[in-house]
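Here is a short report on strand pairing and core packing. Please look over the model first.

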Amino acid sequence: MRTKKTASIRAAGEQDWPVIERLLAAAGLPSDDLAARHAGNFLVAVDPDAPPPGIAGVIGLEGFGRIGLLRSLVVDPAHRGNGIGTELVTALEERAGEAGVSELWLLTLDAEVFFWKLDYRIVDRETAPDAIRRTPEFSRLCPATAHLMHKPL
């Protein structure tokens, strides 16, 4: 049994983009609409015991006023099972709340159980607000079979 290890969570910078991009690609997550200039929309979990850059996971947020789209949660396979994914979601929710976001939305093909445990609920795609519907992730990057999930903050 693995012991939980706390990573430090920080805002990503453009210097982190190559690692973020590699993690997204390895997880098969959509990133065609992202570039290094979007790094500021991400948080990274850093494992102080790993070799530099030590990034163990990433998560992104697109904000649309009071609505946010949580996207691209990835934990490096070597760091899974340590609670880093939950830490990243919690940090993102805090950051979103501080920015005035009152509800988060996400799309997932296979992580609905993980997000359910964090109080996200599957909702009908037709209930998505226009801001979410207009995102490339909703409109063209994620398949129609992806679960839409919602959580009020």
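Which residues does F115 touch, not counting residues up to four places away in sequence? F115 touches L70, L73, V89, L106, Y120 and M149, where contact means heavy atoms within 4.5 Å.

This is a predicted model, in which local features need pLDDT of at least 70, side-chain atom pairs count only at pLDDT 80 or more, and totals for chains, interfaces and linings use all residues. Residues are numbered from 1 along each chain as its sequence is written, and side-chain values use heavy atoms, with hydrogens and water left out.

**F115 and the cores**

F115 is found in helix α3 (residues 112–116). Helices (H or I, at least four residues) and strands (E, at least two) are DSSP runs, numbered from the N terminus. F115 is buried, with a relative accessible area of 4%. Buried means under 20% relative accessible area, exposed over 50%, partly exposed in between (1.4 Å probe, protein chains only). F115 and S72 lie 43 residues apart in sequence and 13 Å apart in space, C-alpha to C-alpha.

The largest nonpolar core has 23 residues. Such a core is a set of buried Ala, Val, Leu, Ile, Met, Phe, Trp, Tyr and Cys residues joined through side-chain atoms within 4.5 Å. I59, L70, L88, V89, F115 and Y120 have the most contacts inside this core. Two or more residues each come from β2 (42–46), β3, β4, α2 and β5. Helix α2 gives the most, with six residues. Apart from this core lies another, of 14 residues, among them A12, F42, V44 and V46.

**Strands**

Two strands pair if DSSP finds at least two bridges between them. The pairings are listed here.

| Strands | Sense | Bridges |
|---|---|---|
| β3 (residues 55–64) and β4 | antiparallel | seven bridges |
| β4 and β5 | parallel | three bridges |
| β5 (residues 103–108) and β7 (residues 147–152) | antiparallel | six bridges |
| β6 (residues 121–123) and β7 | antiparallel | three bridges |

Strand β4 (residues 67–75) has nine of its nine residues buried, so it is largely enclosed by the rest of the structure. In β4, I67 stands opposite F64. The hairpin of β3 and β4 has two residues between the strands, and G65 there takes a positive phi near 70 degrees. L69 stands opposite W105 in β5. From β4 the chain crosses through helix α2 (residues 84–98) to β5, and this β-α-β crossover is right-handed: with the strands pointing away from the viewer, the path from the first strand over the helix to the second runs clockwise. In β7, H147 is the bridge partner of T108, and H150 is that of R121.
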